[in-house]
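Here are my notes on the structure you sent. Please read them with the sequence and the 3D view open.

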Amino acid sequence: MHFSVYLRLIVLTAGTLLPFFWMVVILGHRRQRNFERIFFFLCLAIVFFFGASLLALNAQLYYSAVPPGLEAFAWTILCLGLWTLPSLLVHLHAEYAQIRELLRGGIPKTLWLGIAYLPPILLLPRLYSALGLRAGFDFVLPANSLGMGFQIWLVCGLLLSAFWQRRFAKAAPDEEQKSFHSTLQFYLAWVAIWVVALHFGFTRLTGFTEQNAGIITTMVACFALAPLVALIRNVQRFNFLQIGRQRNLIYAVFATFFALLYLSFVRRISQWMEQYLPPEATAAILLFAPVAFFEPLQRLMRTILRKTAHSEMDRAQRMMGPIQEVARLGNLEKLQSFIEKWLSEQFQLAEVKLVMNGGDPTDLGQPASDDLFEIKSSGHLAGMLRVKRHGAMLSGETAAALEFLCEQLPGALDLCRLIEEKLLLERELAERERLAALGQMAASISHNLKNPLGSMKTILQVQLENPEMPESLRGETKMILEEIGRLSTKLNQLLKFSRPAVLGEGRPARCNASEVAREVVGVLHPEADSKGVALELHPAATTLNVAINTESLNDILTNLVVNAMDAAPRGGRVQVEVSRKDGNALLTVEDDGQGVPPELREKILQPFFTTKTQGTGLGLAIVARRASDAGGRLEFESPLKNGRGTRFYVTLPMDKAESSEIRK
């Protein structure tokens, strides 16, 4: 055989195995992006083209007369692969341009897809004609059978891809990617030039033989395969397309395909040496020859694995720096969110979920594609890190780096908790100091104003009893008395807010919650009737004694019911319920008003914040303070139904004596 035939066999074998290698990598990577899907089908088209060419060449060498069925099958596969190749190439670049944000979705992308697939659709009759051939197959220059239109489209597809590679190079974030895209641009443009030369130049020259065409097409095939080889380098060194983290997959597939290539090499050498040695002897020598390279290969792999492990550990150590910085902010929820996002970005993982002890156990549901890493602190389980990978499995160095990070995370989490508790205590202390100063000011204002207001009210009441007072002055005097009463009410609220709850002068605070609720509802019923609001009470089924004095509980219920009546529309309803829940007393006040807007939910419990034109903003602050002083808490829910309604919950501890009886 001529050396050009051997060269074609080697190139066609490499052209079949190399894209098949990437198909296996993509299937193992399992990244759900259109780019990977189109890349898979592009590799499949290349496998069809080179594989069919290899099949036809081997058939010509093996058979004196190639079976027509085999030749027709190879021709069909070759034409289908070559026909779809330029369209898939342009589509692949459009998908990558969208990933790099150089091409918007919608109409711009649709236009590029139209450019990619409209020409082969219009040229389908030519494909049908080529597939209908029964003899005269041109396996060296198959584009000749597909027509000049397809040849022009093939060159245009290569040039459009080179254009996109130029744009990618200009927008590359680093020199490595810029160099990679510039190299691909060169290869694609060079292949386009040689395709033009082959189909529109050399074939028209006198004396241009099929052997010459075979040599040139083999050279062009080498340039066409060069991007796939360059892609291996970029994936390995720079994690291009985020596949580099799947090193287990890359190594395994690479070793498998290297073995296949070597076996193909053994077969070819055996054929070449057949006149000197039996093929079996040559194959045996070549198969056992790699044993001599076992020790150097072992040393090389040990060095590579050690270097990889050290680099991953160093990288994991560096990754703890930003995590520690966020931990010092003292916000555990923010730290948890940052860890999930940070690890997902740095390790190119599909999803990372950090669930700490006390979190929702359903978050640890482990699908088959997830890995769990324990986070232990002092030998105790502090949480779990759930990792969802893109590929079939995590690489060994990535798993080791995640395990190392899980050993470091407890320190960052504990630091964050301590700082969060410290900040919380500081805020509580500052809030107490502010409220204390506010209370002193409120008490001083109330004391200095209440006595003069009382004197003014007495004088005006005496004047009203004078029958000689003109009616015009009498109406104005009544109006002033009403305003004085309103000011006195606000001053009373200031006094209630400024002084602590009275605990009963050494005796344990205790009252019947249902009785106090019944008293408050009875007092406020006339006001509710005047506003057209139905006020309902649902007392506890049994006596419910709570550890709070009557005055404080009266303050709590009065403020909540008054607010509910103000919020309810005319014809609305306010419900007061007293019940027992989880060993505590639960007071519920519900209205069917407009509800609390989301932007005000954090503010309504702050002192002096109000949305009423005549309000003081102390009602809910008094409720929260009285509940807190008694060891309870105030909570609310809004909206309740159809975007309306508010329900306040006041949880108070039961009286100790009654709690003991319940436990008995």
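1. The model is predicted, and the mean pLDDT of the protein is 81. Of its residues, 84% reach 70 or more. Two stretches call for caution. Over residues 360-364 pLDDT stays under 50, and the model has 7 contacts beyond four places in sequence for them. Residues 502-506 also stay under 50, with 6 contacts beyond four places in sequence.

2. In what order do the strands of the open sheet of 5 strands lie? The order is β5-β7-β8-β10-β9, and the pairing is mixed. The edges are taken by β5 (534-538) and β9 (633-637); each has a single partner strand, so one side of each is left without a neighbour in the sheet. On average, neighbouring strands of this sheet are turned by 15 degrees against each other, direction ignored.

3. Inside this order, strand β8 (residues 584-591) is paired with strand β10 (residues 646-653). The sense is antiparallel, and the pairing runs over 8 bridges. For a place to look, find Thr 588, which stands opposite Tyr 649 in β10. Helix α17 (residues 550-567) packs on the sheet and touches β5, β7 (573-581), β8 and β10. The direction of α17 makes about 20 degrees with that of β8.

4. Next come two helix pairs. A pair of packed helices is described by the angle between the axes and the distance between them. Helix α4 (residues 107-122) packs with helix α7 (residues 148-170) at an angle of about 165 degrees, and their axes are 11 Å apart. Angles over 145 degrees count as roughly antiparallel, so α4 is roughly antiparallel to α7. The crossing of α4 and α7 is left-handed.

5. Which residues make the contact of α4 with α7? On α4 they are Trp 112, Ile 115, Ala 116, Pro 119 and Pro 120, and on α7 they are Trp 153, Leu 160, Phe 163 and Trp 164. This contact of α4 with α7 has 9 nonpolar residues, no polar and no charged.

6. In the second pair, helix α3 (residues 68-99) and helix α5 (residues 124-131) pack at about 160 degrees, with axes 10 Å apart. α3 and α5 are therefore roughly antiparallel to each other. Their crossing is right-handed. From α3, Trp 75, Thr 76, Cys 79, Leu 80 and Trp 83 meet Leu 124, Leu 127, Ala 130 and Leu 131 of α5. The residues of this contact of α3 with α5 divide into 8 nonpolar, 1 polar and no charged.

Note on methods: Residues are numbered from 1 along each chain as its sequence is written. This is a predicted model: local features need pLDDT of at least 70, side-chain atom pairs count only at pLDDT 80 or more; totals for chains, interfaces and linings use all residues. Side-chain values use heavy atoms; hydrogens and water are left out. pLDDT is the predictor's confidence in each residue, from 0 to 100. Contact means heavy atoms within 4.5 Å. Two strands pair if DSSP finds at least two bridges between them. Helices (H or I, at least four residues) and strands (E, at least two) are DSSP runs, numbered from the N terminus. Axes are lines fitted to C-alpha atoms, for helices over the stretch in contact, and angles run from 0 to 180 degrees between N-to-C directions. Angles under 35 degrees count as roughly parallel, over 145 as roughly antiparallel, 65 to 115 as roughly perpendicular and the rest as oblique. A crossing is left-handed if the near helix is turned anticlockwise from the far one by less than a right angle, and right-handed if clockwise. Ala, Val, Leu, Ile, Met, Phe, Trp, Tyr, Cys and Pro count as nonpolar, Asp, Glu, Lys and Arg as charged, and the others, Gly among them, as polar.
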